[in-house]
Amino acid sequence: QVQLVESGGGLVQPGGSLRLACAASGRTFSNYAMGWFRQAPGKEREFVSAISRSGGSTYYADSVKGRFTISKDNAKNTVYLQMNSLKPEDTAVYYCAADRSPRSAATVVATEVAYAYWGQGTQVTVSS
């Protein structure tokens, strides 16, 4: 059974940084692409970033491009989301997700329906 456990959320001032981590277990981590999504109060869950199974390809939502960086450590079965220059509108519960099926080494997946496994979420609050 695949398990994803996020950590690293918290309260940060505008302009600050946080690093989220998602530890995976239950299957061969290096075979699957990963993604981060977020859901703000009263809004639908939205795509944030994705990374290929190899870690060599990444993709970002326009709203976070240039501020967030996704990375994947296959040796540690962990995917990270480094968030810099945080804004109040980044406030949300952040979820990591694991791809449903193995794909080519460079494929990234941005659609929610492609992800079969989800973490419990970690709260990120950006406020002064």
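## Contacts of Y94

In this predicted model, Y94 touches E6, L20, W36, F37, R38, V48, F68, L81, M83, G121, T122 and V124, leaving aside residues up to four places away in sequence, where contact means heavy atoms within 4.5 Å. Local features need pLDDT of at least 70 and side-chain atom pairs count only at pLDDT 80 or more, while totals for chains, interfaces and linings use all residues. Residues are numbered from 1 along each chain as its sequence is written, and side-chain values use heavy atoms, with hydrogens and water left out.

## Nonpolar core

Y94 is also, with W36, L81 and M83, among the residues with the most contacts inside the largest nonpolar core, which has 36 residues (buried Ala, Val, Leu, Ile, Met, Phe, Trp, Tyr and Cys joined through side-chain atoms within 4.5 Å; buried means under 20% relative accessible area with a 1.4 Å probe, protein chains only). Two or more residues each come from β3 (18–25), β4 (34–39), β5 (46–51), β7 (68–73), β8 (78–83), β9 (92–99) and β11 (122–126), strands being DSSP E runs of at least two residues, numbered from the N terminus. The largest share, 5 residues, is given by β9.

## Disulfide

The structure holds 1 disulfide (cysteine sulfur atoms within 2.5 Å), which joins C22 to C96 with an S to S distance of 1.9 Å. Because C22 lies in strand β3 and C96 in strand β9, the pair ties together parts that are 74 residues apart in sequence. Both C22 and C96 are buried.

How values were computed. Buried < 20%, exposed > 50% of the residue type's maximum accessible area, 1.4 Å probe, protein only. Helix = DSSP H or I, 4+ residues; strand = E, 2+ residues; numbered from the N terminus.
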